[in-house]
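I opened the model today and kept notes as I went. Here is what I looked up.

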Amino acid sequence: LLAFTTFTTYVLMGHTLTAAVVFPCLYLFDGLIEPTLHLPFTMGGLIQAVAAARRLERVLLAPEISTAHRNSGATEPQVLLHG
């Protein structure tokens, strides 16, 4: 569909469609198919990475809980998150 639309527009603009124009265009269109199909997955992964980085930032920048608020069995310092 993309090739048909492109070639139709090319002809309607007054150019002559030749094999020297068609074959390189088809080769380029074929090379663009795979990256175009991967784009939605890449964008989804990028959005998830940004969300994870924001959550990690909140955890790492949170103040530590004082010793009075520790659980009796906890041996490691804990972090209190708001929100």
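I started with helix 2, which has 43 residues. From first C-alpha to last, helix 2 reaches 62 Å. That is close to the 63 Å expected at 1.5 Å a residue. I note that this is a predicted model.

Next I looked for a bend. Helix 2 bends by about 35 degrees at leucine 39. A proline, proline 40, follows within four residues.

I then checked the surface. Leu39, Met43, Leu46 and Val50 make a nonpolar patch of about 360 Å². I looked up one of them, leucine 46, which sits in helix 2. Is leucine 46 buried or partly exposed? Its relative accessible area is 49%, so I logged leucine 46 as partly exposed. The cut-off for exposed is over 50%.

I went on to aromatic rings. The structure holds one aromatic pair. The rings of phenylalanine 7 and phenylalanine 29 have centres 6.4 Å apart. Their planes stand at 55 degrees, so I wrote the pair down as tilted. Edge-to-face would need over 60 degrees. Phenylalanine 7 lies in helix 1 (residues 2-12), and phenylalanine 29 lies in helix 2 (residues 19-61). The two are 22 residues apart, and the pair links distant parts of the chain. Both phenylalanine 7 and phenylalanine 29 are buried.

Last, I took the totals. The protein chain has two helices and zero strands. Of its 83 residues, 6% are buried. The chain exposes about 7,300 Å². Carbon and sulfur atoms supply 69% of that area.

Technical notes:
Residues are numbered from 1 along each chain as its sequence is written. This is a predicted model: local features need pLDDT of at least 70, side-chain atom pairs count only at pLDDT 80 or more; totals for chains, interfaces and linings use all residues. Side-chain values use heavy atoms; hydrogens and water are left out. Rings of Phe, Tyr and Trp (its six-membered ring) pair if their centres lie within 6.5 Å; planes under 30 degrees apart count as stacked, over 60 as edge-to-face and the rest as tilted. Buried means under 20% relative accessible area, exposed over 50%, partly exposed in between (1.4 Å probe, protein chains only). The expected span of a helix is 1.5 Å times one less than its number of residues. The bend at a residue is the angle between axes fitted to the seven residues ending there and the seven starting there. Patches are made of residues with over 30% relative accessible area and no salt bridge: like charges are joined within 9 Å, nonpolar side chains (Val, Leu, Ile, Met, Phe, Trp, Tyr) within 5 Å. Accessible areas come from the Shrake-Rupley method with a 1.4 Å probe; for residues, only the protein chains shown count as cover. A salt bridge is a side-chain nitrogen of Lys or Arg within 4 Å of a carboxyl oxygen of Asp or Glu.
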